[in-house]
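Thanks for asking me to look this over. Could you keep the model open beside these notes as you read?

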Amino acid sequence: MNQTKIRIMKYSLVALFLLFSTAIFAQPTVTERFQKIQTMAEADQFIKDNAPLKPTILKLASGKDSSLIEKRLLRQKKGDIFSVGFVTYKVVEQTEDVAYRANYVFLDGASLTASQIDSMKKIIVQKASSGAAFEQLSDQYTMDGNTTHGDTGWFFGEEMMPKEFQDAVKNHKFGDVFFVDVSDKQWHYIVKKTYEDRDKIDMTVLRANGR
């Protein structure tokens, strides 16, 4: 009788062990859980529900973040998942734009006649062709009061520069000098494209311990 009880207890312990082991091995991995995350709301919920994994959100931008892992992340695409050591990453959001940069001289058609504008365009282009620094030409002739020597900085999208300006810079090569007219506003630009186009990537990454 005692031996029967012992056998029953052994079988029970084995069954419990198998059940416990199955439960452990049935737990989804971090990678498997990441595969189900498609939105920022789902990423935020994962962070709330999995504090022991120390999850966090990383905001990355090309040209700004330069560590080895950040450079590797910026080469990924939206939805990509990969692990480094015991840490896993997923790209939740990604946007790509092309950024442009130029120097300009602005002429105000509301203050100058058409013949005056044409004359100033010729003078400025002639001086630029003779080697005058475009920054100095901007300081001397521009009519918009900018304090950047005519440097646009990196720009993308029509909210940053007029569409006509952006389209013209996009369609010209590095070093070109050209005219841009925004006729409905009487804005006139002499522009020099001062940099090659640059890809601009912004990325939101979910990071957590585990694989």
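The points below go through strands, helices and aromatic contacts in turn.

1. Ground rules. This is a predicted model, where local features need pLDDT of at least 70, side-chain atom pairs count only at pLDDT 80 or more, and totals for chains, interfaces and linings use all residues. Residues are numbered from 1 along each chain as its sequence is written, and side-chain values use heavy atoms, with hydrogens and water left out.

2. Strands S2 (residues 81–84) and S3 (residues 87–99) are antiparallel partners with four bridges; strands here are DSSP runs of E with at least two residues, helices are runs of H or I with at least four, and both are numbered from the N terminus. Two strands count as paired if DSSP finds at least two bridges between them. Valine 84 has valine 87 in S3 as its bridge partner. Two residues lie between the strands of this hairpin, and glycine 85 takes a positive phi near 60° there.

3. The other partner of S3. Twelve bridges connect S3 with strand S7 (residues 198–209), again in the antiparallel sense. Asparagine 209 in S7 stands opposite valine 87.

4. The open sheet. Three strands in the order S4-S6-S5 form an open sheet with antiparallel pairing. Its edge strands are S4 (102–108) and S5 (177–182), each pairing on one side only. On average, neighbouring strands of this sheet are turned by 25° against each other, direction ignored. S4 is joined to S6 (residues 187–193) by seven bridges, and asparagine 103 stands opposite lysine 192 in S6.

5. Helices across the sheet. Helix H5 (residues 114–129) lies across S4, S5 and S6, at about 10° to S6, whereas H7 lies across S4, S5 and S6 at about 155° to S5. Axes are lines fitted to C-alpha atoms, for helices over the stretch in contact (heavy atoms within 4.5 Å). Angles run from 0 to 180 degrees between N-to-C directions.

6. The buried side of H7. Which residues of H7 are buried? They are Phe165, Gln166, Ala168 and Val169, where buried means under 20% relative accessible area, exposed over 50% and partly exposed in between (1.4 Å probe, protein chains only). These residues are on the same side of H7 because they cover an arc of only 165° around the axis, an arc of the directions from the helix axis to the C-beta atoms. Their cover includes S4, S5 and S6. Alanine 168 has a relative accessible area of 14% and, beyond its neighbours within four places in sequence, is in contact with Phe178 and Val180.

7. Aromatic pairs. The whole structure holds ten aromatic pairs, counting rings of Phe, Tyr and Trp (its six-membered ring) whose centres lie within 6.5 Å; planes under 30 degrees apart are stacked, over 60 edge-to-face, and the rest tilted. Phenylalanine 34 and phenylalanine 46 have ring centres 5.3 Å apart and planes at 70°, so they are edge-to-face. This pair links helix H2 (residues 30–35) with helix H3 (residues 40–49). Phenylalanine 34 is buried at 0% relative accessible area, and phenylalanine 46 is buried at 6%.

8. Charges over rings. Arginine 198 lies over the face of tryptophan 154, 4.2 Å from the ring centre, and lysine 121 lies over that of phenylalanine 179 at 4.8 Å. The criterion is NZ of Lys or CZ of Arg within 6 Å of the ring centre and within 35 degrees of the ring normal.
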